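Hi everyone, thanks for coming. Let me put it on the screen.

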Amino acid sequence: MCDLLRINTSRGVMISDGQSRFSINGKPIYHFAGTSTYSEYTVVHVGCVAKINPSAPLDKVCILGCSIASGLGAALNVAKPARGSSVAVFGLGAVGLAAAEGARISGASRIIGVDVNPRKFDQAKNFGVSEFVNPKDHDKPVQEVIAKMTGGGVDRSIECTGDVDAMISAFECVHDGWGVAVLVGMPHKDAVFKTHPMKLLHQRTLKGTFFGNYKPRSDLPAIVEKYMNKELELEKFITHEVPFTEINKAYEFMLNGDSLRCIIHMDG
């Protein structure tokens, strides 16, 4: 949340002089999100670099740079489900499954996955998800379905889609009195979150998080160590690996809903 380095996908230039460090045929190539990682070498602000264990395999720990840390931290650092509690996760992509993994590590006894793509359900079982809800299978709002399933609502919910309707459902499906909903997904810039104020007065809590409340430079090295110590499994998040020359195929996997994380080998 640093004011200087806060993510700005439209900036595209270095902070110091407002210029790009890349060009082709005299035309500038801009820095996406301040990192520009689709290149063999890159130039970034020092605040965007985290020094990690040099023995860590980069083709595995690279996925901690965004989605996995965001979902994992949303559960471990923000939602903080108690052992034996119930958790609903909206969206079973890489971020959502990382959130489910965080809930599993926390000891949640009931993890409900919510997604409109039923092909994701089998894979989600590897991350502790034991029950599944497809909103398309019901003729009433999914929050009402979950409330009925759980006798009033879940203890925690984590929204990982960026869809504002899913955000509202995630908030309204937590239990009165103690339920906490955490928003992780990035919404459309014109999206508006609407709910009845009584939902808040009934002592539900709504929270938001960015990058799972991790501080990249200081916290990422520790997450890498968890992986190195076999306390965190990353391989199960990786569904495809392709050479850089087939990068468009990786995007096809993503758009078709067939991929969690696709590793793109820069030396391919």
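One definition before we start: a residue is called buried under 20% relative accessible area, exposed over 50%, and partly exposed in between. And please keep in mind that this is a predicted model.

With those cut-offs, take R110: its relative accessible area is 26%, so R110 is partly exposed. Its partner is E131, and the two side chains meet in a salt bridge, with 2.5 Å from N to O. This pair links distant parts of the chain, since R110 sits in strand β4 (residues 110-114) and E131 in strand β5 (residues 131-133), 21 residues apart. E131 comes out at 23%, so E131 is partly exposed too.

How many salt bridges does a search of the whole structure find? The answer is 11. Let me show you a few of them. D17 pairs with R21, and their closest N and O atoms are 3.3 Å apart. D17 has a relative accessible area of 41%, which makes D17 partly exposed, and R21, at 35%, is also counted as partly exposed. Then there is K189 with D190, whose side chains meet at 3.3 Å, N to O. Are K189 and D190 buried or exposed? Both are exposed. Finally, E101, R104 and K236 are linked in a network of salt bridges.

Now for a charged residue without a partner. R156, in strand β6 (residues 156-159), is buried yet has no salt bridge. The nearest side chain of opposite charge belongs to D155, and D155 is 5.7 Å away, while a salt bridge needs the nitrogen within 4 Å of a carboxyl oxygen. What surrounds R156 instead? Beyond its neighbours within four places in sequence, R156 is in contact with several residues, including P81, V87, V174, W178 and V180.

Let's move to a glycine. G185 lies in the loop between β7 (180-183) and α7 (198-201), and because its relative accessibility is 13%, G185 counts as buried. Setting aside neighbours within four places in sequence, G185 touches E159, C160, T161, G162 and M167. For E159, the C-alpha to C-alpha distance to G185 is 6.3 Å, although the two are 26 residues apart in sequence.

Last stop, the surface. Y38, Y251, M254 and L255 make a nonpolar patch of about 450 Å². L255 belongs to helix α9 (residues 247-255), and with a relative accessible area of 70%, L255 is exposed.

That's my tour, so over to you for questions!

How values were computed:
Residues numbered from 1 in each chain as written. Predicted model: local features only at pLDDT ≥ 70, side-chain atom pairs only at ≥ 80, totals over all residues. Heavy atoms only, no water. Helix = DSSP H or I, 4+ residues; strand = E, 2+ residues; numbered from the N terminus. Buried < 20%, exposed > 50% of the residue type's maximum accessible area, 1.4 Å probe, protein only. Contact = heavy atoms within 4.5 Å. Patch = residues over 30% accessible without salt bridge, like charges linked within 9 Å, V, L, I, M, F, W, Y side chains within 5 Å. Areas by Shrake-Rupley, 256 points an atom, 1.4 Å probe, with all protein chains shown as cover. Lys, Arg positive; Asp, Glu negative; His and termini not counted.
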